[in-house]
Amino acid sequence: MASLSSEFLGIKSPNPFWLASAPPTDKEYNIVRAFKAGWGGVVWKTLGEAGPPVVNVNGPRYGAIWGADRRLLGLNNIELITDRPLEVNLREMKTVKRDWPDRALIASIMVPCEEAAWKAILPLVEETGADGIELNFGCPHGMSERGMGSAVGQVPEYIEMVARWCKQTTRMPVIVKLTPNITDIRKPAAAAKAGGADAVSLINTINSITAVDLDSFAPEPTIDGKGSHGGYCGPAVKPIALSMVSEIARDPETAGLPISGIGGVTTWRDAAEFMALGCGNVQVCTAAMTYGFAIVKEMTAGLSDYLDGKDMALADLVGRATPNVTDWQNLNLNYVTKARIDQDSCIKCGRCFAACEDTSHQAIAMKPGRVFEVLDDECVACNLCVNVCPVENCITMERLDVGATDPRTGKVVVEEHGDWTAHPNNPGAVAAE
Ligand SMILES: Cc1cc2nc3c(=O)[nH]c(=O)nc-3n(C[C@H](O)[C@H](O)[C@H](O)COP(=O)(O)O)c2cc1C
Ligand code: SF4
Ligand code: SF4
């Protein structure tokens, strides 16, 4: 079995699966059970400043989006940071770190954007023996209206300033958790780096309203006839998170900055994808909330098997896909494919025909007996039929050989790479030497 031992910012954990700061990491009871189940580390539910803790709503705090099989695809929450007293959390953190020295324990912190507030809490956290801190600049609801969370995370100058305060005050590694509720994720990441942060983690939750009740005409979850936007997470947000991770990993200004990947990690595959795009480890919330702590067993076994199959060490996976993320203009226009339908696995549902006929390129013919065939002279290789076909691998995209003629364009497929930067239709094209 490939070793999953992981080191992130010098913080060791038996595997790269950490629980993200959220209800699963709210208290010692949860975390001990999570560690027994096999989680490599935890980011404790976000701590606030000393004094009366925040107050949560007493009505429903979660909303959801489901697939047709009722599988949870997206979770929305209007929960705030920890509503337990700071001293209780600190005491429990100290006990947990003492009892589980081989697991990573990170303290997530959100206090007002004032130097004194950060300088007051950091020594208390350090005293627990925590391995590092994560600055929560991400929560999009409740705390942001009070000038914290995403209200800070959306202003790169604030991120840089707070990261600098923290680095000046503590010996602990500083991870800045980024909000996705921003146009260009590279800006807050660069600000974190400029402030001296050791790493970024992303994504926190996305602003969302999951549904509107059509009887009460209120957003869900509904509290006494009213609703509020919340933070969206779970499998549905993974594509957004992957893209943001890749932007940070490949931007020259932030390339090499360690990244902890968060957002919809549910299986070992999800984790491997985040790591391939440059994450040193991953954090998980919704999957644990949906399936319980034991899900980590499948994640670790699956990732280990995958690495064995590839004869690869965990460290070799990190960033393996980053060089293959590029801008559209660099994609090879001489790479030509056509859809192919495997008649043996086709169940004749006709979805591919409807999709291509009505909304794509009229490139699928329906022949007698509901036999569906691709017309190569019309197929633009958009992949829509592959995506709508209910039978996996029934439709595949196959590359035309070099030297073959594309019946749609009449052009011979050539071996050389040819992209938009040098295309004759591009007024800004750079002529080939
Ligand atoms: C109910 C709930 C509460 C959360 N509370 C916090 C929090 O206190 N601090 C924080 O940094 N992130 C918080 N998050 C965000 C998660 O840590 C994580 O960034 C997000 O859920 C995306 O990961 P996932 O798709 O695995 O859930 C919370 C998420 C949920 C669902
Ligand atoms: S790839 Fe696109 S154009 Fe080609 S057959 Fe499928 S849907 Fe039609
Ligand atoms: S969508 Fe798939 S299964 Fe349905 S007719 Fe087309 S190829 Fe066959």
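**Notebook: two ligand shells and the fold around them**

I began with ligand 1, which has 28 residues around it, and the nearest are Ala20, Thr46, Cys233, Cys285 and Thr286; I took a residue as near a molecule if its C-beta atom, placed from the backbone, lies within 6 Å of it. I kept in mind that this is a predicted model, in which local features need pLDDT of at least 70 and side-chain atom pairs count only at pLDDT 80 or more, while totals for chains, interfaces and linings use all residues. Residues are numbered from 1 along each chain as its sequence is written, with chains lettered from A and ligands numbered from 1 in the order in which they are written.

By residue class, the shell around ligand 1 holds 13 nonpolar, 12 polar and three charged residues, where Ala, Val, Leu, Ile, Met, Phe, Trp, Tyr, Cys and Pro count as nonpolar, Asp, Glu, Lys and Arg as charged, and the others, Gly among them, as polar.

For the overall layout, I recorded domain 1 (6–324) and domain 2 (328–422), with bounds from an automatic or database domain assignment. The centres of these domains, taken over C-alpha atoms, are 40 Å apart. I listed 13 helices and 20 strands for the protein, and its C-alpha atoms fill a box of roughly 75 × 60 × 45 Å along the principal axes.

I checked the contacts last, counting two residues as in contact if their C-beta atoms, placed from the backbone, lie within 7 Å. Of the contacts with a separation of 6 or more, 69% are between residues 24 or more positions apart. Leaving out residues up to four places away in sequence, Val176 touches Leu135, Phe137, Ile159, Ala163, Ala192, Ala197 and Val200.

Notes: Helix = DSSP H or I, 4+ residues; strand = E, 2+ residues; numbered from the N terminus.
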